[in-house]
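Student: Can you go through this one with me? I'd like to start with the contacts and then move on to cores and salt bridges.

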Amino acid sequence: MATFLYKLGRIAFRRRHFAVLIWVALLTLAGVGAASAPPAGTTSFSIPGTEAQKAFDLLEQRFPGASADGATGRIVFKAPEGQKMTDADNKATVAKTVQALGDGSEVVSVTDPFTTNAVSKDGTVAYTSVRYDAPGMELADSTRDALEAAGEKARDTGLTVDVGGDALEAGAEMGATGEIIGLALAAVVLVVTLGSLVAAGLPLLTAIIGVGIGVSTITALASTFDLGDTTSTLALMIGLAVGIDYALFIVSRYRAELAEGRGREEAAGRATGTAGSAVVFAGLTVVIALAGLSVVNVPMLTKMGLAAAGTVVVAVLIALTMIPALLGYAGRKIKPAGEKGKASRKDNASRKDKGKARATSTSGPSDASGTSEKPAKPNMGTRWASFVIRRPAAVLLLGVVGLGVIAVPATQLELGLPDDGSQPTSTTQRRAYDLLSDGFGPGFNGPLMIVVDAKNSDDPTAAFTSVTDGIKGLKDVVTVTPPAPNKAGDTATITVIPGSKPSSTQTEDLVHAIRGQSADIKADTDAEVLVTGTTAMNIDFSQKLNDALVPYLALVVGLAFLLLIVVFRSILVPLKAALGFLLSVLAALGAVVAVFQWGWLAGLIGVEETGPIMSMMPIFMVGVVFGLAMDYEVFLVTRMREAYVHGESPSQAIVTGFRHSARVVVAAAIIMMAVFGGFVGASDSMIKMIGFGLAIAVFFDAFVVRMAIVPAVLALLGKRAWWLPKWLDRALPNVDVEGEGLRALDDGPAKDAATDEDRELVRV
């Protein structure tokens, strides 16, 4: 692996014009495709294998033309103090609103509250429902504008009027200001880490190009594959983070190779061969984690995962080819590591002597500090590693206990999907939600739709009546509407209004209670009872994700464990990496619960309403955080492994790994936190929660697990950390992540570094 990537890096450096041209052409092609592609809405929300989805599909068959998946809008009216909605003037305002709404091209039906009993008992609140022939995210802007305009016109008459329903759904806003701040912070960290504006600009440039290709490709294919806005947001979020990090590691290693006196083309090849190998395997773990989301069998998650995985692949390829090419263009503007002035020609003149010294040194080529006879002052990474090695048990205990305490709120995790009740109180959707709750009860915002399939029943009407009577006797039921059969008379729908709000455990218990009666009803009447609707969909979605979590963990962690065995040629190091990841993700979930569910410090990040955690958050965090956690594991521990196989003791190898990698890993973590943190400013609650969860998870994993727990465990294990059964060692392929194959280059005739530097500036 290292030898192949070494050659690839040198070719990209030498043929830099061609390498850059390819990526610019791909970016242009993707941009043209995105610009010319037809617009697409969001990913269709379906949950194969659930009862709610089965009922939904049955409605499509038995009630053709009813647009079961169509959006619904609600305009809620409240009379002024001392008046009622049944007053003549108020009734006239409602009638005009109903008439105006009925003129829409995508409108299927509009209800009159005075003929459908949609007026509260005290007469102060009424509502009209509008059904559309397309899902909320696919409605034309003009349709959505007409709904809001109708509410605004009614509001002008003096009524309190608010609009709700999924018809107002729109694409998630990405919080551009927050993202710009995140990128600006990333740029500052890169300048501090790499020492120059030119060196710092390379990771930013390549990451933006990679994300541009990925997101533009997703946009171009959105209509064909039904990809939504959230898919692009995730790809942007992950692509920026890993794109910057992967390029940072290669540029940093390039500067270290220059500090050893190598010529620039040679240094680019060596950096690509060593750090590039780590990039490949780190990228593979992220791809495995994201692509593994397909095992959940939720199309929306599958598409999000695969699209983000594709963006990561692009980031890896750009890091391996475009970064070496841009290093060639940068020339002497990028200084060797630790050099503040002009490049020293004396180092290049003594290149052959240093090559021989490296070939016999026990520290191997990873020891970039050997460029000076005077011992270098230990950097922060060296001092920290030395501290951990002296007190490994205390550091390990403090890290594990600290993360364990932060993870405690995760034991109170409540899952659900956001609805209008989780919107900020400043929005018309939330105000409409509250008006309906005040006028008709909290369960009115989450009605359950019961579908009775009596096609095989001898008496469908009796079956419908039996189901209705059975539901009326259940706890927490407020209203049960009469059955509404289809034209064939073999299927009917029944609407049930719970007494509790949609996200409550009482409503979930009611859904299970209704489903618990289905077996007896089927035995008595041969009719099948199915519960669906938005509330039931959310309950089934949460349950499906919970059921898939363990198989997903087994698949992703298992595959990555095998991959890391190949990389590190060890059993305990990959095991330690996996256990450390579990600590990170549990602590991150605890923090998410504390902020978004309990409301701790919620105001600091603009969380106006607390509530259940988004159903997909745990499994999503497991996938993404695992991939990112393995990034830091690979980058940090491969450098330790490199030092160990080159002859250093286990303790000294830990110090060497931190001396060369700690600064870069910390910078990479800060950059990734900045990128994810930028999405906390998004208005969409799901994007805000994802951004916060990933940012805090990166903090825990990079600064607590990888920087403290990992060296403490390795120090306690000693040589046992690198143990591998001989039979397994012989069976595993040698991928040479440490660059052992490149050591042969040090034993051969050294290339004239000065000539190489001069030649690089004129080569085409």
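Tutor: In this predicted model, residues 24 or more positions apart account for 80% of the contacts in the protein chain with a separation of 6 or more.

Student: How many helices and strands are there in the chain?

Tutor: The protein chain has 25 helices and 11 strands.

Student: And what share of the residues is buried?

Tutor: Of the 764 residues in the protein chain, 55% are buried. The accessible surface of the chain is about 31300 Å², and carbon and sulfur atoms hold 61% of that.

Student: Which residues have the most contacts inside the largest nonpolar core?

Tutor: Tyr246, Ile450 and Phe676 do, in a core of 187 residues. Helix α22 (residues 685-717) gives the most to this core, with 19 residues. Apart from it lies another core of 22 residues, among them Val94, Ala150, Ala154 and Ala167.

Student: Back to tyrosine 246. What does it touch?

Tutor: Leaving out residues up to four places away in sequence, tyrosine 246 touches several residues, including Val279, Val286, Val312, Asp631 and Phe635.

Student: Where is there a nonpolar patch on the surface?

Tutor: Phe18, Ile22, Leu26 and Leu29 form one, with about 410 Å² of accessible area together. Leucine 26 is found in helix α2 (residues 16-36).

Student: Salt bridges next. How many in the whole structure?

Tutor: A search finds 20. One of them joins arginine 144 to aspartate 141, with the closest N and O atoms 3.3 Å apart. The two residues are 3 apart in helix α5 (residues 141-155), so about one helical turn separates them.

Student: Is arginine 144 buried or exposed?

Tutor: Arginine 144 counts as buried, at 10% relative accessibility, whereas aspartate 141 counts as exposed, at 55%.

Student: Which salt bridge links distant parts of the chain?

Tutor: Arginine 569 and aspartate 729 meet in one, at 2.9 Å from N to O. The pair is 160 residues apart, with arginine 569 in the loop between α18 (534-568) and α19 (572-597) and aspartate 729 in helix α23 (residues 726-731). Arginine 569 is buried at 11% relative accessible area, and aspartate 729 is partly exposed at 35%.

Student: Last one. Which residues are linked in a network of salt bridges?

Tutor: Arg10, Arg14, Glu265, Glu266 and Arg270 are linked in such a network.

Conventions. Residues are numbered from 1 along each chain as its sequence is written. This is a predicted model: local features need pLDDT of at least 70, side-chain atom pairs count only at pLDDT 80 or more; totals for chains, interfaces and linings use all residues. Side-chain values use heavy atoms; hydrogens and water are left out. Patches are made of residues with over 30% relative accessible area and no salt bridge: like charges are joined within 9 Å, nonpolar side chains (Val, Leu, Ile, Met, Phe, Trp, Tyr) within 5 Å. Accessible areas come from the Shrake-Rupley method with a 1.4 Å probe; for residues, only the protein chains shown count as cover. A salt bridge is a side-chain nitrogen of Lys or Arg within 4 Å of a carboxyl oxygen of Asp or Glu. Helices (H or I, at least four residues) and strands (E, at least two) are DSSP runs, numbered from the N terminus. Buried means under 20% relative accessible area, exposed over 50%, partly exposed in between (1.4 Å probe, protein chains only). Contact means heavy atoms within 4.5 Å. A nonpolar core is a set of buried Ala, Val, Leu, Ile, Met, Phe, Trp, Tyr and Cys residues joined through side-chain atoms within 4.5 Å.
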